[in-house]
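Biologist: I have a new model open on my screen and would like to learn how to read it. Could you take me through it step by step?

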Amino acid sequence: MPLSHGCLPRSSPSAAEDPTSSTAADPTVPPPPSPRTRHVSSCTAFDYSSNSDGSAATSSTVDSTSPITLPSLLGPPPFSASFACLSTLHTPDGAPTAVAVAAPSLLYSASAAEISIYDLASLRRLDSFPAAPASGSVKSVAFSPDGRAFTAHQDGRIRAWNRSARSGRYHLVASLPTAADRLRRLALPSNYITVRRHKKLLWIQHADAVSAVAASGSLLYSVSWDKTLKIWRTSDLRCIESVAAHEDAVNAVAVAGDGTVFTGSADRRIRVWGRSAGEKGRHGLVATLEKHRSAVNALAVSGDGAVLYSGACDRSILVWEKEDSANFMAVAGRLRGHRKAILCLACAGDLVFSGSSDRTVRIWRRGGEGRGYSCLGVLEGHVSGVRSVAAVRVPPEAAAAVAEREGEGEEEYRVCSGSLDGEVRVWRVRIWSRNQRGMEAEEALL
């Protein structure tokens with residue numbers, strides 16, 4: 001797969017993803033260190049860049065990898081944050097790690113060698129099981145509503161995992177496409193497509209690495225470097241549709257609550273897909289979003305589906321908002337701050353988290369009124385690029401108890417970041433209103 005402007009897309013193979021590499025890293029969880037909390041104030045984030053020391057910097061030049069000029073979104077919300085690293089986890093093989101959080105508070109850390117499950121509250125490892133090492137690195141993890149886990153692999157297959165009701169341990173159910181699905185289609189020549197010269201595959205098979213998966217309702221969506229989007233039925237694990245989605249490798253997929261599907265590609269485009277009415281409704285192209293000038297590596301959708309965030313090799317995150325027009329979504333502005341390619345994005349509540357090749361995770365928040373954003377903090381500590389990030393909000397009652405005991409924080413989140421060297425960091429992030437903090441300070445002086 002060609003690399004755009006010398007950056008490393010989230011789905012591009014690298015030396016760090018070599019399944020034959022091995023380290024002696026300890027897979028056990030170290031006791032959580034006494035976290036050192038950092039406090040930062042909110043800062044204007046649109047068209048904003050930052051030096052390594054955190055000071056703001058501006059530049060009058062625009063390089064060839066920058067997106068076209070986009071409007072700034074003014075009016076940063078009055079929020080601040082504190083954050084601390086609670087624990088650092090290591091994979092046994094030191095391979096790139098994909099992280100995901102499943103309700104209510106389980107962290108899944110997946111590498112080429114194994115998948116480990118941790119309790120986010122205690123940071124205790126609950127289980128681990130082999131992740132089909134011969135299949136190469138795990139690119140992505142998704143969960144269906146029935147609790148089944150799906151992992152996307154370098155070898156072009158998707159693995160489905162079930163948790164035993166008796167033992168509580170996970171076991172491999174099938175590799176997609178399943179043998180039964182392939183057998184029922186082998187006889188018909190029309191079921192084959194040409195993937196390269198002198199090579200044909202069934203249309204239900206991915207011809208290259210599966211870069212990402214996402215689940216919504218009874219459907220699983222997978223995208224691949226083979227330029228396709230495939231849709232699977234989770235009830236019987238059958239592939240029901242294959243879409244020639246892009247002109248280059250597809251790096252990311254995200255699904256809104258209403259079933260709208262977004263795909264991001266190395267062809268620098270984001271495409272929006274909708275399903276027609278009816279039980280056998282097919283997915284069709286709704287819109288093509290074109291503003292990035294380099295490969296799109298990551299996508300995330302807000303909880304209400306009204307805002308889409310896209311990250312690319314041009315170091316910026318574009319913010320797209322729904323509009324009533326043929327274009328479906330319009331770009332509202334961009335978030336600048338990372339110094340290298342954006343590799344991953346995640347939404348939780350009103351927050352957006354971005355991971356980058358610059359080895360940091362940034363925290364962004366949108367204001368309650370208007371369209372202003374602020375950068376609430378930069379999580380530093382990884383020694384390699386951050387290729388996966390997941391976040392979940394701590395239940396309000398638990399956060400309130402901590403806030404009352406420690407005297408800070410209106411909202412609390414657990415953020416998990418996985419890097420290209422197999423390290424996973426778990427962070428505590430607390431958010432409060434600066435207005436409220438100011439009133440509390442005034443009351444203390446009276």
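Biologist: Is Arg 185 buried or exposed?

Modeller: Buried means under 20% relative accessible area, exposed means over 50%, and partly exposed is in between (1.4 Å probe, protein chains only). Arg 185 counts as buried because its relative accessibility is 12%.

Biologist: What does the side chain of Arg 185 reach?

Modeller: Look for polar contacts, meaning pairs of N or O atoms within 3.5 Å; within protein, one must be able to donate a hydrogen and the other to accept it, and residues adjacent in sequence count only if both atoms are side-chain atoms. The Arg 185 side chain makes one with the side chain of Asp 181, at 3.0 Å. It also reaches the backbone oxygen of Cys 239, at 3.1 Å. If we count any contact (heavy atoms within 4.5 Å) and leave aside neighbours within four places in sequence, the partners of Arg 185 are Asn 191, Tyr 192, Leu 202, Trp 203, Ile 204 and Cys 239.

Biologist: Now to sheets. In what order do the four strands of the open sheet stand?

Modeller: Strands of a sheet pair through backbone hydrogen bonds, either parallel or antiparallel. Two strands pair if DSSP finds at least two bridges between them. In this open sheet the order is E16-E17-E18-E19, with antiparallel pairing. E16 and strand E19 (238-244) are at the edges with a single partner strand each, so one side of each has no neighbour in the sheet.

Biologist: How many bridges join E17 to strand E18?

Modeller: Five bridges join E17 to E18 (residues 228-233), and six join strand E16 (residues 210-216) to E17. You can pick out facing residues, too: Ala 214 stands opposite Tyr 221 in E17, Leu 220 opposite Trp 232 in E18, and Leu 219 opposite Arg 233 in E18.

Biologist: Which residues of E17 point which way?

Modeller: Leu 219, Tyr 221 and Val 223 point one way, while Leu 220, Ser 222 and Ser 224 point the other. Six of the six residues of E17 (residues 219-224) are buried.

Biologist: And which residue in the turn between E17 and E18 has a positive phi?

Modeller: That is Lys 227, at about 80 degrees, in a hairpin with three residues between the strands. In the hairpin of E16 and E17, which has two residues between the strands, Gly 217 takes a positive phi near 60 degrees.

Biologist: Let me try another loop residue. Is Asp 304 buried or exposed?

Modeller: Asp 304 is exposed, because its relative accessible area is 62%. Its place is in the loop between strand E24 (296-301) and strand E25 (307-312).

Biologist: Finally, what pLDDT does the protein chain average?

Modeller: pLDDT is the predictor's confidence in each residue, from 0 to 100. The chain averages 80, and 75% of the residues score at least 70. Over residues 10-37 the pLDDT is below 50, although this stretch has 70 contacts beyond near neighbours in sequence. Where pLDDT is low, the predicted coordinates should not be read in detail.

Note on methods: Residues are numbered from 1 along each chain as its sequence is written. Side-chain values use heavy atoms; hydrogens and water are left out.
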